[in-house]
Amino acid sequence: MKKNKVLLLIITLAILIPLHSQARNKIRWMSFKNAFILSKKYKKPMMIYLYTKHCPYCRKLEKDIFQKTKIITKLNSQYYNVGIDGSQINRFQKDLQYIYSKKASSMFNQIVGRGGVPKTIFMNSKGEILVSFPGYSNT
């Protein structure tokens with residue numbers, strides 16, 4: 001009886017520990033609206049990643065860069081991370097309208113702008129763009 005309990009405990013731990021590790025080793029994504037609210041409240045910048053599902057360089061960036069433990073740790077600890085799928089851009093525009101009201105179209109153009117996807121943008125807690133990186137680079 002006691003052996004069965006110990007064996008069950010070992011099996012349970014063997015299953016749960018890798019699952020917990022996998023969950024920790026992923027970027028925590030949130031909506032732009034939630035990230036903006038938290039960023040403003042806690043004075044922590046945002047990282048915005050624009051992508052599309054059919055973009056090969058987006059998949060490459062996600063595989064080569066966003067899977068690295070150091071990158072994940074840094075992004076999760078120092079930024080609120082927003083992933084915006086280009087096919088869901090209308091939802092993003094609604095968030096911008098809610099946050100920026102009259103300046104929404106101007107902010108949309110600044111964030112989405114030209115250059116296609118992928119695009120990575122860093123914004124401060126005031127919602128101002130600090131830097132924007134178009135495309136993919138493995139350096």
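Reader: Which residues touch the most other members of the largest nonpolar core?

Author: Happy to start there: among its 19 residues, they are Phe32, Phe92, Leu96, Tyr100, Ile111 and Met123. This is a predicted model, where local features need pLDDT of at least 70, side-chain atom pairs count only at pLDDT 80 or more, and totals for chains, interfaces and linings use all residues. Residues are numbered from 1 along each chain as its sequence is written, and side-chain values use heavy atoms, with hydrogens and water left out.

Reader: What makes a set of residues a nonpolar core?

Author: Its members are buried Ala, Val, Leu, Ile, Met, Phe, Trp, Tyr and Cys residues joined through side-chain atoms within 4.5 Å.

Reader: Which residues is Tyr100 in contact with, leaving aside neighbours within four places in sequence?

Author: Tyr100 is in contact (heavy atoms within 4.5 Å) with Phe32, Phe36, Met107, Met123 and Gly127.

Reader: Why is Ser125 called buried?

Author: Buried means under 20% relative accessible area, exposed over 50%, and partly exposed in between, using a 1.4 Å probe and protein chains only. Ser125 has 15%, so Ser125 is buried. Leaving aside neighbours within four places in sequence, Ser125 is in contact with Ser39, Lys40, Lys43 and Lys44.

Reader: What is the mean pLDDT of the protein?

Author: The mean pLDDT, the predictor's confidence in each residue from 0 to 100, is 81, and 76% of the residues reach 70 or more. Over residues 18-23, though, the pLDDT is below 50, and this stretch has 1 contact beyond near neighbours in sequence. Where pLDDT is low, the predicted coordinates should not be read in detail.
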